[in-house]
Structure formats: C-alpha cells, structure tokens
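User: Hi! I'd like to learn how to read a few structural features, one at a time. Could you walk me through them?

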Amino acid sequence: MSFRRGVVRQSKFRHVFAQAWKAEHCIDDVRVSRVTWDSPLCAVNPKFIAVIVEAGGGGAFLVVPISKSGRIDQSCPTVCGHAAPVLDIQWCPHDDNIIASASEDCTVKVWQIPDGGLTGPMTEAIVTLEGHSKRVGILAWHPTAFNILLTAGCDNMVCVWDVGTGELVYQLSDAHPDLIYSVSWNKDGSAICTVCKDKALRVIDPRRGTVLKVKEKVHDGTRPMRAVFLADGKILTTGFSRMSERQLALWDTANLSEPMAVQEMDTSNGVLLPFYDPDTNMVYLCGKGDCTIRYFEVTDESPYVHFLSLYSSKEPQRGAGFLSKRGVDVNKCEIARFYKLHERKVEPISMTVPRKSDLFQGDLYPDTAGLEPSLLAEDWIAGQDAAPLLVSLSGGYTAPPSKHRDTLRSKPKLVSQDSGTAAAPPAAGNTAAPISTSATKETEGEVASQPRAAKETDGTSERLKKEDDVLNELLAEMKALRAVVLAQSQRIELLERQLARIEDGDV
C-alpha cells in the first residue's frame with residue numbers, strides 16, 4: 001500500500017481530539033429509555049442534563065444539574081406527566097429552565113425546571129399542546145423568536161406553536177405524504193428543511209405553508225435520513241445508499257439537482273444523527289448503536305466536507321446530548337462536549353483543540369448565539385426575520401481555571417505573602433525602639449533574597465508547565481493520527497470487500 005504525499009490542508013480544527021471524562025465524572029445507574037425511536041434521547045444546556053428514561057407506566061425523563069456526577073438513586077424525582085413514553089426532549093434556546101417534551105400520547109408538554117433541579121416528581125406542565133392525532137416524535141425550537149416551537153408527528157403533520165399563548169399558529173398537513181424523519185430551522189428561522197420516508201428533501205416556508213424546493217431521492221436507501229441547515233444556507237443530509245452504506249451529503253439550496261459532496265462511510269444499520277456547530281462549521285455524526293463519533297469540517301473549498309477524525313470506544317451509544325456553545329470550558333480550549341448515553345450511564349466526552357497558550361483563544365470562539373431572543377413570537381408571526389443575537393465567550397461564559405492552573409499561579413503569591421510576614425516584625429519593632437544599621441541591612445538582605453527565591457520557584461513552574469504543554473500537544477497529535485489511521489484502515493477494508501464482491505460477480 002503506497003501513500004501519496006500531497007499538500008496538507010490548513011485548518012485550526014485538524015488536530016481536534018476527543019477525550020472521555022474519568023469515571024468519577026460520569027452519571028451512573030441511569031435507566032436510559034429503550035423506546036424504538038431514532039432521537040438522541042438526551043438534551044443538554046449550560047445548566048441541566050435531561051435524559052429520557054424507562055418508566056413503569058407513562059413516560060418520564062430525568063433532569064439533573066450539569067455538575068451532577070456519581071450514582072443516580074432510584075428514588076430520584078423525574079418529569080413524569082406524560083401518559084405514554086417520551087420520544088423527544090429539547091431545551092428552549094432562550095431560557096435554560098424551560099424544556100419541551102414530545103410523547104406517544106400525541107401531546108407536547110412544556111415544563112419549567114427550578115434552579116438546582118427537581119425536588120420532587122413533576123407532573124404538571126406549564127403548557128400542554130394538543131393538535132396531533134398520532135404520536136409526536138420531533139421538536140424544534142425557533143432559533144431567534146421567543147416561544148415559537150415546531151412539532152412533527154406520525155400523522156405526517158408539522159405544527160408551529162406560540163408556547164406563550166398555547167396557540168397553534170401554523171399547520172402543514174399536506175406537505176408530506178409519509179412519515180417525517182427530521183426537521184431543521186435555518187439560521188434566522190425563516191425556513192425549515194425536512195426529510196421524509198418518501199426519500200425527498202423539502203425546503204418549506206412555514207408561515208406561508210409553501211414548499212419552496214424539493215429534491216427527490218436524496219439518498220437511495222430505504223433506512224431513515226436526517227437533514228440539518230448550515231449557517232450559510234446549505235443543507236447537510238445523512239442517509240443510506242442502495243447498497244445500505246451510510247452516507248453524508250452536502251446540498252446547495254440554490255441548486256438541488258446534484259449534491260456538492262457525498263461521502264460514504266460504512267455498512268452499519270444505525271441512523272447517523274448529525275450535530276452541527278455553526279461557530280466552527282463542524283458536523284459531528286453519532287450513529288445509534290455505534291462505538292464511534294465522526295467529525296467533519298464544512299468549508300467553501302472542494303471537496304467541501306473534510307473528514308477530521310473519529311472518537312472510538314468499546315461501548316456502543318444509545319443516544320447523545322450535544323452541549324450548546326455557551327456551556328463549554330474555554331479555558332481548556334474545549335470546542336464541543338457530548339453526553340454519551342450507555343445502557344445505564346451518561347458519559348461526558350470533550351472535543352478539544354490543543355493549544356499552548358493560557359490566553360482566551362478568540363479564533364476558536366467567535367461570538368455565539370446568546371439567551372436573548374431577537375424577536376417576540378408576534379413579530380415572527382407578523383413576518384419579521386432576524387439573525388441570532390450574539391454574545392462573546394471571553395467574558396461571563398468562561399469557567400474558572402482548572403485546579404492545576406490555580407496551584408501553579410498561587411505558588412508565587414504564597415511566597416510573597418511569607419516575605420511580607422517576615423518583614424513585618426522589624427517594622428513593628430521600629431516604633432518601640434531604634435534598630436541598628438547592621439540589623440537593618442541583614443533584614444533587607446533577607447527580604448531581598450525571598451523575592452529571588454520566589455522568582456526561581458516561578459521560573460521552575462513555568463519550565464515544568466511548558467514541558468507539560470509540549471508533552472500534551474504531542475500526545476494529542478499522536479491520538480489524532482491514530483484515529484485517522486484507524487478510520488482509513490476501516491475504509492480500505494470496506495473497499496477491498498466491495499472489490500471482492502465485484503470480482504465475484506455479486507454486483
């Protein structure tokens with residue numbers, strides 16, 4: 001096997017590496033729902049983690065503070081107001097205490113979680129939305145308008161609600177002839193894209209109820225698809241080929257006749273759930289039942305979708321929660337965080353860009369969508385559109401420095417405090433009796449020698465820190481390269497199997 005040496009594409013995300021948190025930071029004994037529905041089963045924001053769980057009767061989901069770790073007691077309270085299993089949950093992008101849930105009982109409920117989490121079982125929702133005739137499996141909050149929530153059900157209907165009034169403001173009942181697989185808003189919330197069991201991708205104006213664009217047979221396979229709007233208006237879809245290979249495709253909404261890019265991955269059965277970060281233009285693909293998370297960067301240069309690496313583990317994922325950018329740890333150059341659902345465990349996984357500097361990395365963290373909505377519900381219903389209101393992550397959203405950095409920074413301070421204490425007795429004695437010149441010189445010498453010791457300690461700390469940084473960067477690069485080699489070897493194996501099938505005349 002020969003490798004062709006070419007020009008390496010420049011990207012600050014080329015060395016992004018994924019790392020699972022230690023066992024003591026995981027949440028254990030969570031009875032993750034076994035419902036047969038292809039949703040992430042988990043939703044995360046900077047305050048809370050919510051997970052759909054098994055319930056004896058009806059439907060329930062667990063809500064715990066994001067700082068929670070360790071075992072979940074069986075008596076831990078849940079949100080349990082649905083009469084049938086919960087299929088999807090989504091946090092409101094404009095209020096970290098508000099969460100919506102969709103259920104097999106044909107209703108959508110909106111809940112207000114108290115600060116600090118639940119103190120007892122929650123059965124009373126603040127709003128119940130009733131308008132679907134079959135189970136509801138898809139929720140999507142409007143990205144910029146306050147209190148606008150989209151729902152889609154197995155009745156092939158899309159409903160848009162004003163949660164503030166509980167009113168159904170728009171209903172699309174004849175746009176889809178079959179089951180809707182996914183719905184995604186564009187950046188300013190003026191349009192949605194959907195994929196359906198008829199294999200078509202649709203771009204729809206929900207206020208006028210008109211289908212603006214349709215692309216038949218986005219993916220040839222019969223398995224479920226997903227579609228997500230990107231920040232620049234393009235659409236990324238995941239699905240299956242005719243040969244049941246999992247695919248990723250990029251579409252330009254100006255011309256849907258041919259995809260801009262298609263990548264084939266493997267022949268696994270799990271539906272690929274795309275998680276998109278508009279700030280970095282990265283897409284993370286989590287397959288239900290997979291042991292891997294693949295991540296790609298979408299750019300304006302061919303081939304447009306660039307494979308970066310993959311995180312691989314031994315345990316398959318039942319679902320995953322994707323933390324909004326406001327919650328990541330900018331001090332550790334964390335650009336994304338997943339909460340991977342195991343059978344009875346929730347495991348955080350950090351995506352990090354290795355950097356040497358302790359300073360805020362502005363190029364990794366452009367201004368991101370904040371809590372403040374751009375529009376009120378009535379403004380959007382009246383026909384207005386607005387881009388998200390952005391906030392900087394360099395100020396209020398930064399987490400405190402890690403304990404390791406605290407220790408390094410506090411050493412010089414401790415020494416200087418000691419030197420101040422050492423200098424204090426002569427100063428106090430000076431008011432009671434005169435001090436000899438020689439004694440004063442000795443004291444000055446002692447005081448002068450202590451800052452020198454502090455500087456030496458500081459220099460040693462800096463040197464050790466630099467060595468740690470270099471070592472961490474090398475380890476991160478080795479890890480990223482190992483992941484790439486693994487991915488490429490899997491791809492080669494797949495191609496060799498295909499070649500063997502062609503040679504045997506099976507294709």
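Analyst: Happy to! Strands (E, at least two residues) and helices (H or I, at least four) are DSSP runs, numbered from the N terminus. Strand 30, residues 345-352, contains S350. This is a predicted model, where local features need pLDDT of at least 70, side-chain atom pairs count only at pLDDT 80 or more, and totals for chains, interfaces and linings use all residues. Residues are numbered from 1 along each chain as its sequence is written, and side-chain values use heavy atoms, with hydrogens and water left out.

User: Is S350 buried or exposed?

Analyst: Buried means under 20% relative accessible area, exposed over 50%, and partly exposed in between (1.4 Å probe, protein chains only). S350 has 9%, which makes this serine buried.

User: With which side chain does the side chain of S350 make a polar contact?

Analyst: A polar contact is a pair of N or O atoms within 3.5 Å; within protein, one must be able to donate a hydrogen and the other to accept it, and residues adjacent in sequence count only if both atoms are side-chain atoms. Here the partner is the side chain of W21, at 2.7 Å. For plain contact (heavy atoms within 4.5 Å), leaving aside neighbours within four places in sequence, the partners of S350 include F17, E334 and R337.

User: Now strands as a group. Which strands pair with strand 17?

Analyst: Two strands pair if DSSP finds at least two bridges between them. Strand 17 pairs in the antiparallel sense with strand 16 (residues 180-185) over five bridges, and likewise antiparallel with strand 18 (residues 201-205) over four.

User: What about the hairpin turns?

Analyst: Six residues separate strands 16 and 17 in their hairpin, and G189 in that turn has a positive phi of about 75°. The hairpin of strands 17 and 18 has four residues between the strands, with K199 at a positive phi near 70°.

User: Why is strand 17 described as largely enclosed?

Analyst: In a regular strand, side chains alternate between the two faces of the sheet. Strand 17 (residues 192-196) has five of its five residues buried, so the rest of the structure largely encloses this strand. I192, T194 and C196 are buried on one side, and C193 and V195 are buried on the other.
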